[in-house]
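Here's a quick briefing for anyone meeting this structure for the first time. Have a look at the model, then read on.

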Amino acid sequence: MRVISWLAAISALVVLGLATGGEISAAERVSFSKDIQPIFESTCWKCHGEALQLSQLDLRTRESALKGGQRGPALVPGSADQSRIYRLVAGLEKPSMPMDGTKLTPEQISAIKDWINAGAPWDPSAGGASSSAPAVFAETPIPEQARRYWAFQKPARRSVPIARDPRNKAHPVDAFLVQAMEQQGLEPAPEADPRTLVRRAYLDLTGLLPTPAETAAYLKDQSPNRWDELIDHLLGSPHYGERWGRHLLDVARYADSNGFEHDFDRPDAWRYRDYVIRAFNQDKPFNVFLEEQIAGDELDRVTKESLIATAFLRCHAKVGFREKDNPQYRYDYLDDMIATVGRGILGLTIQCARCHDHKFDPITQQDYYRLQASLFGYVEVEHPLTSTKESEAYNKKIVNIEQRLKPLKGELKQLERPYRDRLLPEKYKEFPENVQIAIRTPEAQRTPGQALLAAQVIRTTDVSSKEIERLMTPSDFARKRQLHEAIRRLEQEKPPPISVAMGITDGDYRFAPDGPGDEPEPGKGVKREAIEGTFLHQGPGRYQAPPSYFLIRGDYQSRGPQMRPGFPAVLTYGNPPVEIPGADGHTSGRRRALAEWLTSTDNPLTARVIVNRIWNHHFGRGIVATLDNFGKMGEKPTHPELLDWLAVDFMRHGWSIKYLHRLLMSSAAYQRASRYENAADLAKDPEDIYLWRFRIQRLDAEIVRDVILAASGALNTEMFGPPVFPKLQPEVLHAMTKGIWNQEQDGPKVWRRSVYVYRKRGLPFPLFEVFDLPDQNLTCSRRNVSTVPTQALTLLNDDFVLRQAQLFADRVREAAPSDATEQVRLAYGISLSRPPTAEESRLAMEFLRKQKLVDLTHVLLNLNEFVYMR
C-alpha cells in the first residue's frame, strides 16, 4: 500500500543535495550526472517529473527535492543502510523498487549505495527530469486479433439450420441443437411423460410442486396447446417472481446484513428483494431492469421503484468501520461493484485488472479505472418513499429535536469522559502490544498503520453505562439520570420513521456518514431520521463528481493521473457518451451512461450473458458453461450460433425474459425425457453437452425447503415485506455474536417461502447451507451442487423436517381417513406428482403395517426423486 510513498522516499533520497562528507574514494568513483542521473531518468523521474508528481513529490530541481513530498525526506546522507532508497532498490524492504517491476542491475544498486555513502551530492549541472509518463500509465493498445475473439464481436442473427428430421423444423432452438446432434451421431431421447413434464414446469418456473388436482387437470386436457397454456399459466403466477427473482438476487449478492465481524442489520434491504420479485412478475424489460439498478436515480423518470433498484450497487458486504477511518474500504466496495457488473452482467472478470492489466483478456488497468470513475461519485443514502412534502416535514421535525438533543448529549458526554478515560486504558491492555503502542502514540505522530489500528480499536472498544456508574460520585450519578430522562422525553417526541429504501446517488463521499454509530450532525447526514445532507448536491450549478485516479498496483495511496469515466475498450463500439447529466444537475449522469452502454444493442455481451444464464437454469448447463466468464479462461460455447441467434432474438422481442422462457420451454429439447438409457449416446456424450436427453437437476436449497412446506400443506403464501426468522437451534444461535436474529416460534408466520427468510451473512440458515447456499458476500452466477452425508442427515433429523412430515401425514389422513391404499396413492401424488408403481405400493402397504403414516411421509421427503427436477 505504500508503493508511491516508498517511491517518493527513494527519489527524494537519491537527489537530495545534502552532502555531509563521506569516503573520498566513493565520491570519486560515483558521478551524479554520469552514474546516478541515467538511473533516475529511466525510473524515478517518470513519476516525479514534468508529467507526474506522485505523492506530491517533484524531483525536477534541487529545491523541490529538498522540499520533499507527502512522506517527507527519507534519505540519510552518508548512510545507505539507513536510507530507504537503497533498502528498497536493493530488495531489503518491500515493496521493491522501481514500481513498474523493472529491476536495477547489481552495478546500479552498488552505484546508488556508494553515492549515498558519499553524502548524496547533487550535480548542479544535471538536467531536469524527463517529461515522459511511465509505461504503467500508457494506454495499452488492443491487438486486432484480440478484438476478433468471439465474445467481443457483436452477436449476429444466424440463419436457422435446416434439420434432416422434419419434426425439428418447427422450432429454431431444436434446429440448432439437432444439427449438432446429427454431427455427433447422437439420437435424441423421446418426450417425457405428461406427469414428469407438469412437475418439471412447476418446479422450474415457480419452485413449487403441482397439486394432485393441478396434475390431474393437465392430464385431462387433451388440447394441442395444453403445454403452451400451462407455461403461460405458470408465468402468470406470483410465485414465478419468487422463484426467478432468487436467481438474480444471487448475482446481486443480496443479504439482509452487512457481513464481516459486525454483521449489522440492514432494516430496509428487503425492499430491493421485493423490487426484484415484482420486476420478474411484471416481465419488466431486462434492459430497463438493468438501467434502474445502475442509475435509477438518474433516469428521465425517477420512481420509487427505480430508487429502490439502486440498492443493487449497495448490496456488497460491508465492514463495520467508517470509510473515513480506512479509505481502503471504499476502493474495496468499488471493486466489488465492478466485479458484480463485470461477472454478473458482462460475463467478464474485469476486477482482475485492478492492480495490473488482465492476464488473459484484453482488459487494461485503464479500462478498470475508467469504469471505477463511472461509479466513483456514489454515496449511500436512504431514499424516502413518501411525498416530498411529507419527507421535508419529517426531516424538519427531526432536525429540530436533534438540535435540542445536542446540548444534552454533549453534557452527558463531558460528564462521562473522565470515568471513560479511566476505564478505557484497562480495556486496551487486552490487545497486543503493537496495538497498545499505536493507541498511546499521539495522533499526529502515528504511522499510517498505527493510525488504522488505533482508529479501529478505539472505535470498537467502549465501556458500558453500568461500568461508568460504578465509579461515579453521587452528584454525577444523579445528574446522569436527569440527562437520560430529558433525552428520553425528547426521543419520544420524534415522529414514527417514514418509509425509506436503501440505495445510492451521487454526492461527495468524503462528507457522507457511513456505518452504524457514525451519526451525523442534525440535518447533515442520511439516516432513517435525516433524509438529506450536505454531501448531496442541492445548490445552484451542476454537480461535479469527486476526482477518481488511476491507482498504481491498486494502492489507494499511490495515485496516478486523474481518470475520466469510460468503458472497456475491447467491448466498446463507436463513441458512446460517458456522462448523461439529468435536467436537475444533481448527479453526474455517469452511471446512466454506464447503464445505457450496458444495455445498448452494440454491447456484445449483455444479451448473450442473460440469455445464457436463463438457458442454464432451464437446462442445467449454459451454452457457455462458465456463466460469469466469457473470456479466454472460460469455457467455449457448445452452440455459438444458437447463442447469437437467441441474443439477437431476445433483444428484438423487447428484452422480455418471459418471452425467452416460452421459447426455450416450447422446444423439444426441454420436453425430452431424462430417464433414457442409450449406450451409444452415453459413450459419445456422457456429460449430455448436446442435450440428447434432459439433464436432471438438484433443487436449490431454498426450493428444498419450499417443496417440503408445499407437500405438508403448511406453506404460507404471503408475499413481500420484512424478512422472517425461522427457529434456530440454541447451539446455532449461540454462535452468533453480532447483528440480529429475531428468534420466532416455528409456525405459520415463518413458514413463508424461503426467499423471505432473513439472509444473514454471518450466520447462514443451516438448512440452506447444507444444500449448497452460495457465499453471500460475492456475486454468484451458478451454485455448486454437492452430495454429502449431512444432507441426508438433515432430512432425517432436522426438527423442521420432522414437523412437516407430521403435517404431511395429517394432510393425507384427513383426505383418506381409513383407506391405507388411498393414503399411499395420495402421498405419492402430493410429493412425487405420480402414483406409486405396483411394487412401490406393495412395499408401502407392508411398511404401514409396521410403521406409522408419518414415517412413510418422512421417507418420501427423503427420496432423491423428491429433491430433484427430472
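Accessible areas here come from the Shrake-Rupley method with a 1.4 Å probe, and for residues only the protein chains shown count as cover. On that basis the chain exposes about 37700 Å², with carbon and sulfur atoms supplying 52% of it. Keep in mind that this is a predicted model, where local features need pLDDT of at least 70, side-chain atom pairs count only at pLDDT 80 or more, and totals for chains, interfaces and linings use all residues. Residues are numbered from 1 along each chain as its sequence is written, and side-chain values use heavy atoms, leaving out hydrogens and water.

**The chain overall**
- You'll find 36 helices and six strands in the chain; these are DSSP runs numbered from the N terminus, with helices being H or I of at least four residues and strands E of at least two.
- Of its 870 residues, 56% count as buried (under 20% relative accessible area, 1.4 Å probe, protein chains only).

**The largest cavity**
- About 170 Å³ of space lies in the largest cavity, a volume being the space filled by probe spheres set on grid points joined across faces, edges and corners.
- A cavity is a set of points on a 1 Å grid over the protein atoms alone where a 1.4 Å probe fits but cannot get out, and lining residues have an atom within 4 Å of a point.
- Of the 18 lining residues, Leu 248, Val 251, Phe 286, Ile 610 and Arg 613 are the closest to the centre of the largest cavity.
- Helix 25 gives the most to this lining, with six residues.

Terms used
On a 1 Å grid over the protein atoms alone, a cavity is a set of points where a 1.4 Å probe fits but cannot get out, and a pocket is an open set with protein on both sides within 12 Å along at least five of seven lines; lining residues have an atom within 4 Å of a point. Buried means under 20% relative accessible area, exposed over 50%, partly exposed in between (1.4 Å probe, protein chains only).
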